[in-house]
There are 2 protein chains.
Amino acid sequence: MKHIITIGREHGSGGREIGRKLAEALNIPFYDNELVNRICKEKGLPQKFFSEYDERKGSLLYSLIMDLYAKDTNLSGNISLEQKLFNIQSDVINSIADEGSCVIIGRCADYILKDRKNVISVFISADTDSKIKRVSTRNGINEQDAKTKMKDTDNKRRNYYNYYTNKKWGYSYCYDFCIKSNRLGIEQTVFTLKNMVDFLGRG
Amino acid sequence: MKHIITIGREHGSGGREIGRKLAEALNIPFYDNELVNRICKEKGLPQKFFSEYDERKGSLLYSLIMDLYAKDTNLSGNISLEQKLFNIQSDVINSIADEGSCVIIGRCADYILKDRKNVISVFISADTDSKIKRVSTRNGINEQDAKTKMKDTDNKRRNYYNYYTNKKWGYSYCYDFCIKSNRLGIEQTVFTLKNMVDFLGRG
């Protein structure tokens, strides 16, 4: 049975790593930056455009890129560039989901695929101290900078999600399963999610 | 190793049943109405007082009972009766947690016990259709009345939780695990939670 697992996550929660390891454990494709690359390849849009966009609606840098890009392309029309980009991403996410089981990180994939029965939506959070430790170690920055980075990234993800969906980022009713990764640890969280997917696969 | 499992839940999600079955599976005490009885017994307060209170802060009936009760007791003082009642409940929940492993339903137990390391906080939700079916079957009422009952009860639970804690009822960051009960079903949700508790018990 085919299953699409979507994973939303707080910055520093290890959600991306959990998603990658879950995809490995289930032996199915994993889409994160790969997804961005694929969008670019399929739609002929420049990589830079998407890597700057990357769920960061409302950033100054993003606005500047959108302005510059608008001058060079025929993407303009009656709907906003942002909405067109979201529509392109939605098309690609739907085509990925058509292909077979996979794990998709972020990008409102749970909302885009909400009418499909084989979608399992997951949200990964973690206690603040655990996230600070992860972000500061990974990026080689101090605790205060890690906190600023976490807050900034999560605000952008929240704005992006709440803007494009009629739901609330991180609210339990929007997801099938929400897990604090530091409670079980990365490996056991992956194991728990894999068991859930296996169980649903039996149905 | 001792574990206190606190369970918040949407009305109609089956959270109480899941809590009861989890307690049975773990062979530990379960506190829901039992907790109310115990409060009454220990503090000498009338059963009726608590059964009307029951997480329904702000109801007219509750206010009337509070007014009537205030005339007959020495519970009045510098802090509100509501706060005093919450303080009494907090004392009892702490004493229950001191005794050993257990499952406690509702009553902000996750918040009251937040400084303890052995607390596992769970929130049970479910898709609306699933909740309507459960509530209408259980109460012998039609779908519209079930929806009204669900909304009313959840609003009261939300108000109660958000008033007494600095958190938001149902938001994933407030809990260790959030599960939509209709995805795995009651039995498998209990099994999943038991596995989590067993894993944490090994630590």
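Me: In S5(B), which residue is the bridge partner of B:Phe123?
Reply: Happy to start there, keeping in mind that this is a predicted model, where local features need pLDDT of at least 70, side-chain atom pairs count only at pLDDT 80 or more, and totals for chains, interfaces and linings use all residues. Residues are numbered from 1 along each chain as its sequence is written, chains are lettered from A and ligands numbered from 1 in the order in which they are written, and side-chain values use heavy atoms, with hydrogens and water left out. Strand S4 (residues 119-125) of chain B pairs with S5(B) in the parallel sense over four bridges; strands are DSSP runs (E, at least two residues), as helices are (H or I, at least four), numbered from the N terminus, and two strands pair if DSSP finds at least two bridges between them. Within S5(B), the partner of B:Phe123 is B:Cys178.

Me: And which residue in S5(B) stands opposite A:Cys178?
Reply: Here we cross from one chain to the other. S5(A) and strand S5 (residues 177-180) of chain B run antiparallel and are joined by three bridges. Opposite A:Cys178 stands B:Cys178.

Me: Which strands stand at the edges of the sheet?
Reply: The open sheet has 10 strands with mixed pairing, in the order S2(A)-S3(A)-S1(A)-S4(A)-S5(A)-S5(B)-S4(B)-S1(B)-S3(B)-S2(B). Two of them have a single partner strand each, so one side of each is left without a neighbour in the sheet. These are strand S2 (30-31) of chain A and strand S2 (30-31) of chain B.

Me: Which element gives the most to the side of chain A that touches chain B?
Reply: In all, 26 residues of chain A are in contact (heavy atoms within 4.5 Å) with 24 residues of chain B. There are 11 residue pairs in polar contact between the chains, both residues at pLDDT 80 or more; such a contact is a pair of N or O atoms within 3.5 Å, where within protein one must be able to donate a hydrogen and the other to accept it, and residues adjacent in sequence count only if both atoms are side-chain atoms. On chain A, strand S4 (119-125), strand S5 (177-180), helix H9 (181-184) and helix H10 (186-202) each supply at least two residues of that side. With five residues, the element giving the most is H10(A).

Me: How many salt bridges are there between chain A and chain B?
Reply: A salt bridge here is a side-chain nitrogen of Lys or Arg within 4 Å of a carboxyl oxygen of Asp or Glu. B:Asp176 forms one with A:Arg183, their closest N and O atoms being 2.5 Å apart. Over all chains the structure holds 26, and between chain A and chain B the count is two.

Me: How many residues apart are A:Arg116 and A:Asp98?
Reply: Their side chains meet in a salt bridge (3.0 Å, N to O). The pair links distant parts of the chain, with A:Arg116 in the loop between helix H6 (109-112) and S4 of chain A, and A:Asp98 in helix H5 (residues 81-99) of chain A. The separation is 18 residues.

Me: What ipTM does the model score?
Reply: Chain A averages a pLDDT (the predictor's confidence in each residue, from 0 to 100) of 84, and 77% of the residues score at least 70. For the model, pTM is 0.85 and ipTM is 0.84.
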